[in-house]
Amino acid sequence: ICRYKAKDFANALENLDHAVARGSNDAAVFLTRAEVLLALKNYSRAVYDLDRLITQMDSSAELYYKRGTARHALGDYALAALDLEKAINRGIRDPSLFELLGLCRYESKNYQHAINDFTRAIRLNSKFSTSYFHRADSKAGLGDFAAAIQDYNAALTSGMRDGIVYQRRGLAHVEEGNFVSAIADFSEVIRKDHQNLAAYEQRALCFFKTSRYAEAAQDLHMVEKLSVNPSASLYHQLADCYRHMGDAEKALGYFDKTIQLSEGDKDAFFKRAFIHLEGHRYAQAIADFENALKRGENTVPLFLGLGQAHIGNGDRQSAIKALNMAIEIDPKKGNSYFNRALLQEDEKEYASAIVDYNKVIQLNANDAVALYNRANCKAALGDFGAAVSDMDEAIRIDARNSSYYKQRGNFYYRLKQNEKACFDWRRAVEHGDAKARFQLDTYCK
């Protein structure tokens, strides 16, 4: 016992074990050994001694408190909570006890009861900063992030300045969509601990969400530096940053790493395909779109992109097949019909193109470009009157587009309505189409 009081726990335990082995039934021996075992964090043996004391000798509040503490440390939260409740029912009013009971309930995801326990701890000691912190975590567990932020603030005000408080508050700010405040919190975590990998990751996400891509990339490079084995997800995020920054070369490099480490990330194939498409590397774009498709990216944007890649590669039939798939997936996406109509128009399949432009206009009556294109198809089929009607609508929607006036003038001319044709050609010149002056000089003397 003297060694225990002197905190010589290892030798104290040896002496106490000898005493028990020689047949001692003295409660003081078992109580002291339990306390020594708690100090040495040998919780399972401590529980054994406390069981004996409670069952055979004493069932005081303090013993339940100690056993509850040991059971909590062992992760046996349900039994720990029962012990702690018995300690409370026997008269202990210690804020640390209520906090420990709250932690048991928090770990069991019983957040509302945990909040009640932390609140009781705070009522006993309004400066009990850790209870504000744990209550904030519980409120976050319930999805009440605004209330959680208030408690994280109270924890800081009460003196708990650990980085974890700023980090958790930052996460709550993220959930609230307040990325600027989150950045400030994660920055404070990093100021306190330059090796905090999670804080760099979290701040990078916030930078990305606020379109601060260069700063996001800088933080992600710190994550790469601090990581033993950088993940495919990290390289995917870096690729996204460089893609948004317009650095196609670096974005491609990081998508390559993502695909290599993940053994085929469909999103990485999908995004890399668009970079190849923008760079006019059509064959590579097609390969990436097809790899994304094989892995489940069966979406309208994929087939639209694949269609564009086939067009660039000179394979119009494959492009039409891709657009047909886009339309099959979502018949209400005007872009699919529009792109297919363009292909049909290029192939001089004007009647089919008109059908698709009809669908585009049905989905969006104010699509002036579709009206303009449909007018050209109608004119190609010799229906100049219908073509003029479409141009009337296009001009109503976009009255400053010089091409619309010039083309309507051309249609009027074909209808032998020269006065109207000359009027439209003048408007085209006024709106910036200098080439329309040729028609004026030639036909409107």
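This is a predicted model: local features need pLDDT of at least 70, side-chain atom pairs count only at pLDDT 80 or more; totals for chains, interfaces and linings use all residues.
The link between Cys422 and Cys444 is left-handed, with -95° about the S-S bond. As a reminder, a disulfide is a covalent bond between the sulfur atoms of two cysteines. Cys422 belongs to helix H26 (residues 418-430), while Cys444 falls in the segment after helix H27 (437-443), so the bond ties together parts that are 22 residues apart in sequence. Both ends are tucked away: Cys422 is buried at a relative accessible area of 8%, and Cys444, at 16% relative accessibility, also counts as buried because the cut-off for that class is under 20%.

Cys241 takes part in no disulfide, and the nearest cysteine sulfur to it, belonging to Cys206, is 12 Å off. With a disulfide requiring sulfur atoms within 2.5 Å, that distance rules the pair out. Cys241 is buried, at 1% relative accessibility. Cys104 likewise counts as buried, with a relative accessibility of 1%.

Turning to helix packing, helix H17 (residues 266-278) lies against helix H18 (residues 282-294) at an angle of about 160°, and their axes are 8 Å apart. That angle makes H17 roughly antiparallel to H18, since anything over 145 degrees falls in that class. The crossing of H17 past H18 is left-handed. On the H17 side, the contact is built from Lys266, Phe269, Phe270, Arg272, Ala273, Phe274, His276 and Leu277. H18 answers with Tyr282, Gln284, Ala285, Asp288, Phe289, Asn291 and Ala292. Sorted by class, the contact of H17 with H18 comes to nine nonpolar, three polar and three charged residues.

The axes of helix H5 (residues 61-73) and helix H6 (residues 77-89) come within 8 Å and cross at roughly 160°. H5 therefore runs roughly antiparallel to H6, and the crossing of these two helices is left-handed. From H5, the residues involved are Ala61, Tyr64, Tyr65, Arg67, Gly68, Thr69, Arg71 and His72. They meet Tyr77, Leu79, Ala80, Asp83, Leu84, Lys86 and Ala87 in H6. The class tally for the contact of H5 with H6 is eight nonpolar, three polar and four charged.

Tyr65 turns up again in the surroundings of Ser96. Ser96 is found in helix H7 (residues 95-107) and is partly exposed, with a relative accessibility of 32%. Setting aside neighbours within four places in sequence, Ser96 is in contact with Tyr65 and Phe128. Phe128 is 32 residues from Ser96 along the chain, yet the C-alpha atoms of Ser96 and Phe128 are separated by 8.8 Å.

Gly177 sits in the loop between helix H11 (163-175) and helix H12 (179-192). At 41% relative accessibility, Gly177 counts as partly exposed. Gly177 and Lys209 lie 32 residues apart in sequence, and their C-alpha atoms are 9.3 Å apart in space.

Note on methods. Residues are numbered from 1 along each chain as its sequence is written. Side-chain values use heavy atoms; hydrogens and water are left out. Axes are lines fitted to C-alpha atoms, for helices over the stretch in contact, and angles run from 0 to 180 degrees between N-to-C directions. Helices (H or I, at least four residues) and strands (E, at least two) are DSSP runs, numbered from the N terminus. Angles under 35 degrees count as roughly parallel, over 145 as roughly antiparallel, 65 to 115 as roughly perpendicular and the rest as oblique. A crossing is left-handed if the near helix is turned anticlockwise from the far one by less than a right angle, and right-handed if clockwise. Contact means heavy atoms within 4.5 Å. Ala, Val, Leu, Ile, Met, Phe, Trp, Tyr, Cys and Pro count as nonpolar, Asp, Glu, Lys and Arg as charged, and the others, Gly among them, as polar. Buried means under 20% relative accessible area, exposed over 50%, partly exposed in between (1.4 Å probe, protein chains only).
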